[in-house]
Amino acid sequence: MIGLLVNEMEQKEMEYLIKRELEEILLDLDDTRIDQMVKSAMRERYRLLFQLLRRVASEQECMKYIPKRKGNI
């Protein structure tokens, strides 16, 4: 396991960046022009980023990014 020591401002910045990336992925998953194989990789990236978000954000903030539809994520 790797430890990371960050101050509160850095934590908020990490949270913000992860949230933006998650939102971008959600938008791209709804795009019909993107191939299913690419979407599969995007879903995997979403899962990984969500795990990171759980480490830096509050439970309430994480709840907003839990996938609502099984077919989407």
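**Figure 1. Surroundings of Ile25 in the predicted model.** In this predicted model, Ile25 touches Met42, Arg45, Tyr46 and Leu49, when residues up to four places away in sequence are not counted. Ile25 also belongs to the largest nonpolar core, where it is listed with Ile18, Leu22, Leu53 and Tyr65 as having the most contacts inside that core.

Figure 2. The largest share comes from α2, which contributes six residues.

**Figure 3. Lys19, a buried lysine of helix α1.** Lys19 is found in helix α1, and its relative accessibility is 15%, so this residue counts as buried, the limit being under 20%. Leaving aside residues up to four places away in sequence, Lys19 touches Leu53, Glu61 and Tyr65.

**Figure 4. The lining of the largest pocket.** The largest pocket holds about 270 Å³ of space, and its lining is made up of Met1, Ile2, Gly3, Leu4, Val6, Gln11, Met14, Ile18, Leu52, Arg55 and Val56. The elements that give two or more residues to this lining are α1 (8–29) and α2 (36–56). By residue class, the lining divides into eight nonpolar residues, two polar residues and one charged residue.

**Figure 5. Glu8 of helix α1 and its distance to Val56.** Glu8 is found in helix α1 and has a relative accessible area of 59%, which means that Glu8 is exposed, since the limit for that class is over 50%. Although Glu8 and Val56 are 48 residues apart in sequence, their C-alpha atoms are 9.9 Å apart in space.

**Figure 6. Asp31 in the loop between α1 and α2.** Asp31 has its place in the loop between α1 and α2, and with a relative accessible area of 18% it is classed as buried, because that class takes in values under 20%. The side chain of Asp31 makes a polar contact with the side chain of Arg33, at 2.9 Å.

Conventions:
Residues are numbered from 1 along each chain as its sequence is written. This is a predicted model: local features need pLDDT of at least 70, side-chain atom pairs count only at pLDDT 80 or more; totals for chains, interfaces and linings use all residues. Side-chain values use heavy atoms; hydrogens and water are left out. On a 1 Å grid over the protein atoms alone, a cavity is a set of points where a 1.4 Å probe fits but cannot get out, and a pocket is an open set with protein on both sides within 12 Å along at least five of seven lines; lining residues have an atom within 4 Å of a point. Grid points are joined across faces, edges and corners, and a volume is the space filled by probe spheres set on the points. Helices (H or I, at least four residues) and strands (E, at least two) are DSSP runs, numbered from the N terminus. Ala, Val, Leu, Ile, Met, Phe, Trp, Tyr, Cys and Pro count as nonpolar, Asp, Glu, Lys and Arg as charged, and the others, Gly among them, as polar. A nonpolar core is a set of buried Ala, Val, Leu, Ile, Met, Phe, Trp, Tyr and Cys residues joined through side-chain atoms within 4.5 Å. Buried means under 20% relative accessible area, exposed over 50%, partly exposed in between (1.4 Å probe, protein chains only). Contact means heavy atoms within 4.5 Å. A polar contact is a pair of N or O atoms within 3.5 Å; within protein, one must be able to donate a hydrogen and the other to accept it, and residues adjacent in sequence count only if both atoms are side-chain atoms.
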